[in-house]
Amino acid sequence: MEILAVLILACPLAGFLINGLLGRYCRNYFVSIIACSAPFASFILSIVTPYTSAKIFEWITVGGVSFDLAIKIDSITQVMLLVITGVGFIIHIYSIGYMKGDPGYWRYFAYLNLFIFLMLLLVMADNLLVMFIGWEGVGLCSYLLIGFWYKDILRADAAKKAFIVNRVGDFFFIIGMMILFSWSGSLNISDINIQTSSSLTPLVCIFLFIGACGKSAQFPLYVWLPDAMAGPTPVSALIHAATMVTAGVYMVARLLPLYMNFLGVLEIIAVIGAFSALFTSILAIGENNIKRILAYSTISQLGFMFCGVAAGSIKAGFFHLSTHAFFKALLFLTAGIVIHALDGEEDIRKMGGLRKRLPLAFWAFLIGALSLSGIPPFSGFFSKEEIIHSTYHIFTRFMSPAFGYLITGILLLTTFFTSVYIFRLIAITFFGIPGTQKLHRTDFSMNFAVIVLSILSIFGWILVNRWDIPSQYPQFLLFEYDIAYSPVHTLPSLVALAIFASLAGLVVVFLSFGPLRKKISELLTTKIGGFFNKIVTNKFYVDEIYEYLFVLPLNMIAFVLWYIIDQVIIDTVLINSSSALLYLLSGKARKIQTGLVNLAVAIVALGVVFIIALIFLLKHA
Amino acid sequence: MTKYLILSSLLFSIGVCGVISRRNILIILMSLELMLNAVNLSLVTFSRYRLDLQGQIFFLMILGVAAAEVAVGLSILIALFRTKKSVDTIDASILKE
Amino acid sequence: MKDQLFWLLAIVSTLSAILVITRKNPIYSALYLIVCLISLAVIFVILDAVALAGFHILIYAGAIMVLFIFVIMLLNLKPEEFGQEFSMKTKIFIYLLCLLIFLSLAIPFYLDNSFKNMPDAQKDFSSVNKLGSLLFDKFVLPFELISILVIIAILGAVVLAKRRI
């Protein structure tokens, strides 16, 4: 049965190799066939493979310690596998239409397959080192795909920014791994999770969490995600909505038995998650680029997931992860249809009235938006409910009640803002006066993918119901469900509050674009209103702060190192002058050769004297 | 016996002095002979000291070698004299710098 | 008696050696070299190596130096062709160097205590008989090689000195 697990990894890898090496010589048709069949095969295999673990080979053996390339599939992994391969497959289908005609077609699909392979490696890893391979690898694929149209310098810069910020997180990840290895002697996840606490463990947990922040774009390492929208839209959908950014959540969930020993660390995770959620939902209101709004939305929803996992409820976090994958991918792909139709236009102020002109896009986007804001009976409602209930019940019971109220309150406020920004987006883009430019035809594959995801966004929650988590993970069985969602410990008032928050956002948007339109624009021109408007639309100046704090000093240090140390000191002083000195000395030494026999014999005689003196001294000293 | 050896080293160093300080090739060759003779003296001294005739046999060998070397050296000198018309070493120093 | 004779001969050989290297005219140098060689031969006699003394005079003073004098006469150098000398400064350095050489050779001999006494020997500890028997018995290989060397030297000398090969 282990061979099936290995095959799940092998299919996308084979797809990458074939497309990467031979793709440029084949027609697009063959490239798409190979590229799309890989995740599909992995998807089928993921359904079929039972829970197993496999050791592929012994990788590093050093001084009695060995690390193997070992993979393990249990129920947590299986959820991730299904989401990655399933949503990945749908996005591959979508890409056939979106990337049609692009000269780098084969390169795109090769990278996508590589990404799938590395992400699968990450979730199937049995020890932290293998997980780190996947971790770094998906960072690399993210870089390659964001900068896919690399000839544009802005896109290349965005790719660099993504990789560098990611690297900051990875640095902490590595340090955490090293500390963990030094006192536990092993990096296997099962060994780590049974560690009893030592004084260094909270530090390790925090470092690993910082690594997760870098990958999953939480505050303060979120700045790369909005800029990462420079990549093709399916890439944004797959990597920066459904899969790569969830790697951080997955990692924290995997190591949850370790984290559960330190409630303080869990509090920190919850605070950062909740803060990121609130902060970026406010930022999304001020954005005008359709993909950037969705990017901020992703960060916000990831904050939700972190809160759920920090509360110890893996079910909550992963439920939301799955439904988020569905509706966020849907939103991105639909945005991609809009962008594709408008020939690359991404600014929503230049769109309008697309409701009548792109009906499929409108309805799909609406479904996604309703799911995102958590309005029943869409999937997003159930998963969001799960998280809010987890934070409320668990935090109030195991930590202070004040903390529980605080987190739950922040999450509810975020729900309100979520509705505001997403319905604002719909209002500006799809309503209003339609433009008159010619729309590009949407490919069948794109429509197909969007339809499938719409269905999943509505009914997907049913599929995620049935799974148990392994015994060593905390079993907060707040909810027992079957097909008819019948929660046991739900608080009706909390549910009502959440629905109220979502609907309130919708109402606010409706009002501000309808009857209260004038009043709102007046408010924005007042001193306080204008001030807030300016801050929010400039993203709270976070990028500028980073520029002054980190980028400028680093540039100066680099300049000093390059110019002064490398050019002046090493090149001129050390190298050039030592060679000049040598030249001078050898010029002088050349004159010894006069050709006279006498001088030669004299030198021989001198040598003989030296040797005799040496022997004499050595004998008598 | 020490005095014989000291005399030998004295003659040897005088020979070295001759080779280095004179520029006439003939004198150089003669100083070379002087050096060889100094060594011969020390050989015979040691042979007498150890009462072993090997030193004297070696002496005879050196004698033969010296003879051969003088013959060849002088003919080279004559060949050199034919081209350079001089027996000064400085006129033979083509391998400069 | 041997001691005084030795000192006399030492002075003679040293003086003539110094005179060899300082004369401008090569003929004078050659003649002084002959004096030095003869005094060395007498020292050999003191050292009970009478046969060697004979060989020494025969071959060295008799053949080699005669060859030297022949070549000197053949070259027929005029006094201005005797060759330039080095400057006084260079000569001082050279003399110092040779002093160094002498010291580096003589001091170890002087300080070494194992050479003080010469053992007694029979009268004929070295004779032509004994030398001959050694030469044809233990040392026949060097003997033969020396003869080959001499042949080669003859050939070389003849070839090198030809006007036209």
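**Chain C and its two partners**

In this predicted model, chain C and chain B share nine residue pairs in polar contact, counting pairs with both residues at pLDDT 80 or more. On the chain C side, the elements giving two or more residues to this contact are α1 (2-22), α2 (26-46), α3 (50-75), α4 (88-111), α5 (128-137) and α6 (140-161). Of these, α3(C) gives the most, with 13 residues. Sorted by class, the side of chain C that touches chain B comes out at 59 nonpolar, 11 polar and 12 charged residues.

Charged pairs turn up here too: three salt bridges cross the interface of chain C and chain B. One of them joins D48(C) to R48(B), with the closest N and O atoms 3.0 Å apart.

As for area, about 7,000 Å² is buried between chain C and chain B, and carbon and sulfur atoms give 78% of that. Within chain C, the residues losing the most area to chain B are I21(C), Y60(C) and F68(C), which together make up 10% of what that side buries. In residue terms, 82 from chain C and 66 from chain B take part in the contact.

Then there is chain A. Here the contact takes nine residues from chain C and eight from chain A, and the buried area is about 680 Å², with carbon and sulfur atoms giving 91%. F86(C), L97(C) and S104(C) supply 53% of the area that chain C buries against chain A, more than any other three residues. By class, the side of chain C that touches chain A has eight nonpolar residues, one polar and no charged ones.

Terms used
Residues are numbered from 1 along each chain as its sequence is written. Chains are lettered from A and ligands numbered from 1 in the order in which they are written. This is a predicted model: local features need pLDDT of at least 70, side-chain atom pairs count only at pLDDT 80 or more; totals for chains, interfaces and linings use all residues. Side-chain values use heavy atoms; hydrogens and water are left out. Contact means heavy atoms within 4.5 Å. Buried area is the accessible area (1.4 Å probe) that two parts lose on being put together, summed over both. A salt bridge is a side-chain nitrogen of Lys or Arg within 4 Å of a carboxyl oxygen of Asp or Glu. A polar contact is a pair of N or O atoms within 3.5 Å; within protein, one must be able to donate a hydrogen and the other to accept it, and residues adjacent in sequence count only if both atoms are side-chain atoms. Helices (H or I, at least four residues) and strands (E, at least two) are DSSP runs, numbered from the N terminus. Ala, Val, Leu, Ile, Met, Phe, Trp, Tyr, Cys and Pro count as nonpolar, Asp, Glu, Lys and Arg as charged, and the others, Gly among them, as polar.
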